Amino acid sequence: MRITRITLANCRNYGEATIEPQPGLNVFLGRNAQGKSNLLETIGLLGTGKSFRTSREAEIVREGFGLAAVSADAIVRSGNVTLGCTIARGERATKKTLTINGRPVRYAHFLGKLRVVSFAPSDLALVIGAPGLRRAFLNLALAQEQPGYYTALAMYARTLRQKNALLREGPPYDEALFAVYDRTMIERGARMTLARARYVQALAPHARTEHGRWSAGEELALGYESAIGYEIGDDESALQERFASALETARPRERARGIALVGPHRDDLTLTLDGRALAEYGSQGQHRTALLALKVAEYRAMAAATGEAPLLLLDDVLSELDPDRARRFLEGLGGFEQAFVTATHLEHPLPGAAAFAIEAARVERVA
Ligand SMILES: Nc1ncnc2c1ncn2[C@@H]1O[C@H](COP(=O)(O)OP(=O)(O)O)[C@@H](O)[C@H]1O
Ligand SMILES: [Mg+2]
């Protein structure tokens with residue numbers, strides 16, 4: 001899939017801008033704070049419906065304005081499509097509207113039309129940061145790959161909030177309501193757990209192979225750590241049973257602490273290097289290499305699962321690698337259809353790339 005034209009209006013520091021990217025590599029060069037990351041953020045917004053920089057979407061609306069809009073013409077396997085997103089900043093609330101060919105659609109329907117894999121230096125937090133970041137990583141990849149995943153996740157998250165509210169209130173408990181919440185969490189949570197565990201299984205060999213190209217014989221292993229005790233080979237009904245019995249065991253503790261303690265909201269993607277937890281034992285270099293491998297794995301797994309190469313968004317990443325590593329990184333992806341690369345400067349030009357200069361949110365094709 002690829003984008004042929006992208007139009008921004010009042011997104012971040014942009015006024016009006018239209019960019020016509022090329023197939024293959026598109027490089028955006030500019031000094032700091034000119035709008036490079038902002039551009040990538042808006043492209044990502046069309047893929048995932050979410051910003052990879054912020055959860056406060058009102059921030060995306062240009063200061064002094066009320067409405068931000070981005071739209072793109074894309075060529076996907078199923079044909080040509082125009083995707084749009086507007087964010088209206090109101091006094092009390094922010095309203096986001098997603099459109100396909102000009103018609104508003106629900107989030108679950110929007111997802112997966114344009115798929116993106118993004119990579120920025122701050123993603124290092126995936127390797128060394130809190131489990132919630134890795135769950136978000138899994139959620140975002142799966143929501144793009146499988147439309148049904150997002151629906152399960154949304155329902156699970158809502159029920160979890162309701163259950164936690166009830167637990168916080170304390171006794172006397174409305175047992176019938178608890179039973180309803182638990183049943184929903186078991187159903188949706190088992191589906192999520194299975195999807196995530198299978199996804200990690202699909203990711204693992206890609207990550208191991210890619211890591212092997214960069215490191216001297218160390219082995220990177222990915223695993224899925226499940227609070228309800230997922231084991232390889234479990235199907236959905238086996239997982240539902242595990243979840244039900246884990247909930248029963250945890251009930252007294254959940255009530256004592258006033259919070260839901262088991263379920264996929266407590267799970268983690270584990271990364272180990274030769275059997276040792278990477279975050280604690282790895283050096284900075286090892287963390288970076290593992291992140292490269294993880295991102296390439298994400299890209300390859302998405303391409304394999306959907307039969308279509310996603311867009312690649314590389315924010316300040318290639319310039320951090322020396323030319324040889326940058327070339328090997330791009331090779332490792334196994335071919336991409338379109339990539340957006342930002343850098344303040346490149347020591348060596350990337351062969352075949354279209355180059356754009358960004359200055360104060362003005363984008364100009366320079367090569
Ligand atoms: N909502 C907004 N309205 C206007 N300017 C914004 C908004 N959000 C961010 N900016 C500005 O965008 C600039 C940063 O752009 P960014 O794309 O991150 O730069 P870079 O080119 O270094 O990647 C900053 O100057 C920041 O003040
Ligand atoms: Mg930037």
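**Strand pairing, core and ligand shell**

Leu-8 lies opposite Val-70 of β4. These two residues belong to strand β1 (residues 2–9) and strand β4 (residues 67–76), which pair in the antiparallel sense over 7 bridges. Helices (H or I, at least four residues) and strands (E, at least two) are DSSP runs numbered from the N terminus, and two strands pair if DSSP finds at least two bridges between them. The model is a predicted one, in which local features need pLDDT of at least 70 and side-chain atom pairs count only at pLDDT 80 or more, while totals for chains, interfaces and linings use all residues. Residues are numbered from 1 along each chain as its sequence is written, and chains are lettered from A and ligands numbered from 1 in the order in which they are written.

Strand β1 also pairs with strand β2 (residues 16–19), again in the antiparallel sense, over 4 bridges. Here Ile-6 stands opposite Ile-19 in β2. The hairpin of β1 and β2 has 6 residues between the strands, and Asn-10 takes a positive phi near 55° in it.

Ile-6 is touched by Ile-43, as are Val-116, Leu-311, Leu-313 and Phe-340, leaving aside residues up to four places away in sequence; contact requires C-beta atoms, placed from the backbone, within 7 Å. Ile-43 is one of the residues with the most contacts inside the largest nonpolar core, which has 101 residues; Leu-311, Leu-313 and Phe-340 are also among them. Such a core is a set of buried Ala, Val, Leu, Ile, Met, Phe, Trp, Tyr and Cys residues joined through C-beta atoms within 7 Å. A residue is buried if 20 or more other C-beta atoms, placed from the backbone, lie within 10 Å of its own, exposed if 12 or fewer, and partly exposed in between.

Ala-326, Phe-329 and Leu-330 are buried. Viewed down the axis of α10, its buried residues fall within an arc of 95° (taken from the directions from the helix axis to the C-beta atoms), so they line one face of the helix. They pack against α9 (284–306), whereas the exposed residues Asp-324 and Glu-331 sit on the face turned away from the buried side. Gly-334, which follows α10, has a positive phi near 75°. In the loop between α9 and β12 (311–315) lies Gly-307, which counts as exposed because it has 7 C-beta neighbours inside 10 Å.

Two further sets of strands deserve a look. An open sheet of 3 strands has the order β9-β10-β11 with antiparallel pairing. Its edges are β9 (220–225) and β11 (276–277), each with a single partner strand, so one side of each is left without a neighbour in the sheet. Strand β9 is joined by 6 bridges to β10 (residues 268–273), where Leu-273 is the bridge partner of Leu-220. Elsewhere, β3 (residues 24–29) and β14 (residues 354–359) pair in the parallel sense over 4 bridges, and Val-27 has Ala-355 as its bridge partner in β14. Strand β14 pairs in the antiparallel sense with β15 (residues 362–365) over 4 bridges.

Ligand 1, finally, is surrounded by 14 residues, the closest being Asn-13, Lys-36, Ser-37, Asn-38 and Glu-63; the criterion is a C-beta atom, placed from the backbone, within 6 Å of the molecule.

Terms used
Two residues are in contact if their C-beta atoms, placed from the backbone, lie within 7 Å.
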